[in-house]
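Here is a set of questions and answers on one protein chain. Work through them with the model open.

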Amino acid sequence: MQVSILQENLNKGFSITSRIISSKTILPILSNILISAEEGKLKLTATNLEIGINIWLPAKKEKAGKFTVPAKDITEFVSSLPAGKIELKKHQEKIQLISGAYKAVFNGMSAAEFPNVPSLKDKTISFKSLKKFEIDVKEFINIVNNVCFAAAIDETRLVLTGVRLKSVGKEIQFAATDGYRLSLKKIKLDKEINIPILIIPARALVEVARIIKGEGEIKEGKKLQIVIVKEPKQIIFSFNNIEVVARMIEGEFPDFTKIIPEKGNTKMVIDKESFNKAVKTSSIFARRSANIIKLKIKGSKLKVMANASEVGENEVELPVKVQGKEVQIAFNYRFLQDFVSSFDKELFVLETSGPLKPGLFKVEKDPSFLHIIMPVRLQES
């Protein structure tokens, strides 16, 4: 294998692919990136067996070939090189990089040991087993922002680390929950796709959104292609010259429909920015007291309160539009912060039917998105 490529392109490729490589892998080959020299391009591939990435970079191929290199070391080395052309040459079980006065040799491993990562461009999967649809990339980023933060991080219940995707006619629903909160986002497609319920790793969706944003300004109408592979159960996201491949999570997603209230006895319209500042100041006290923040409606005012015996207490009073009964309810302040960071509108709605009932959060003028946070039981409740 012999190829020449610009430093900025190779640096971009290594930066993207190395992100998914786990530092705790027990298989040495998974710490490597697969380099494939093809006609007019260089393909980089990485995988942690749950998520894989393929990226094609413009390059000049002198000699075709494949080889794997240690991701961490070569990514750091290439990022430190000056702008200009880099020559890559494979010799036996090593690869040499030359960039002007800079030379380095990295030990690697045979490409034959690297796990297969499916690719649409390489046509390494049967197209008869596919379901395909497209989503506007800006809409996809909104989905990720609205939903993925509610997925669990702890892998004790692996199914909760995923996002449930369900199609109903021309509508697709994306839902995530960690058992304490729920996010649900619905979008409309141009046509029905009729796919079964899928559970996609939330981390894969976040990675796709990060890659899209890293590509620079998004042109209006730009689409993200999504391909579902029935066997093995995988999903492929294709954008520009990058593919992200994720293995579906097996298991039964909780039936969250039972906890979604139709509406609350108390409804308040709240300014997002003011509420965010109130929660932030209250969190100084709340984090010393099980992260609890109390919200109390009285008249047309919302009081945001927290206290901790070793620190003290605070109270912020906000003007809100209120319908219904006076109520006091408590939440984990981190959940509130995550919610207000998930959308870019100025106002949101909170509905509740009591201190022990779920808080139903909606974004003003966006019926496609709802969020639920389970309250914290207070001693006086």
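A salt bridge here is a side-chain nitrogen of Lys or Arg within 4 Å of a carboxyl oxygen of Asp or Glu. This is a predicted model, with local features needing pLDDT of at least 70, side-chain atom pairs counted only at pLDDT 80 or more, and totals for chains, interfaces and linings using all residues. Residues are numbered from 1 along each chain as its sequence is written, and side-chain values use heavy atoms, with hydrogens and water left out.

Q: How far apart are the closest N and O atoms of Lys 345 and Asp 344?
A: Side chains of opposite charge can pair when their charged atoms come close. Lys 345 is partly exposed at 38% relative accessibility, and Asp 344 is exposed at 65%; buried means under 20% relative accessible area, exposed over 50%, partly exposed in between (1.4 Å probe, protein chains only). The two form a salt bridge, and their closest N and O atoms lie at 4.0 Å.

Q: Is Glu 207 buried or exposed?
A: Glu 207 forms a salt bridge with Arg 210, with 3.2 Å between the closest N and O atoms. Both sit in helix α4, 3 residues apart, about one turn of the helix; helices (H or I, at least four residues) and strands (E, at least two) are DSSP runs, numbered from the N terminus. Arg 210 is partly exposed because its relative accessibility is 37%. Glu 207 has 3% relative accessibility, so it counts as buried.

Q: Which strands hold Lys 303 and Glu 315?
A: These side chains meet in a salt bridge of 3.9 Å, N to O. The pair links distant parts of the chain, 12 residues apart, from strand β20 for Lys 303 to strand β21 for Glu 315.

Q: Which residues does Phe 140 contact, leaving aside neighbours within four places in sequence?
A: Contact means heavy atoms within 4.5 Å. By that rule Phe 140 reaches Ile 135, Leu 205, Val 208, Ala 209, Ile 212, Leu 224 and Phe 237.

Q: How far apart are the end C-alpha atoms of helix α5?
A: Helix α5 covers residues 272–286, and its buried residues include Phe 275, Val 279 and Phe 285. The expected span is 1.5 Å times one less than the number of residues. For 15 residues that should be 21 Å, which agrees with the end C-alpha separation of 19 Å.

Q: Which residues form a nonpolar patch on the surface?
A: Patches take residues with over 30% relative accessible area and no salt bridge; like charges are joined within 9 Å, nonpolar side chains (Val, Leu, Ile, Met, Phe, Trp, Tyr) within 5 Å. One member lies in the loop between α1 and β2, and is exposed at a relative accessible area of 80%. Together the members have about 320 Å² of accessible area (Shrake-Rupley method, 1.4 Å probe; for residues, only the protein chains shown count as cover). They are Ile 26, Leu 27 and Leu 49.
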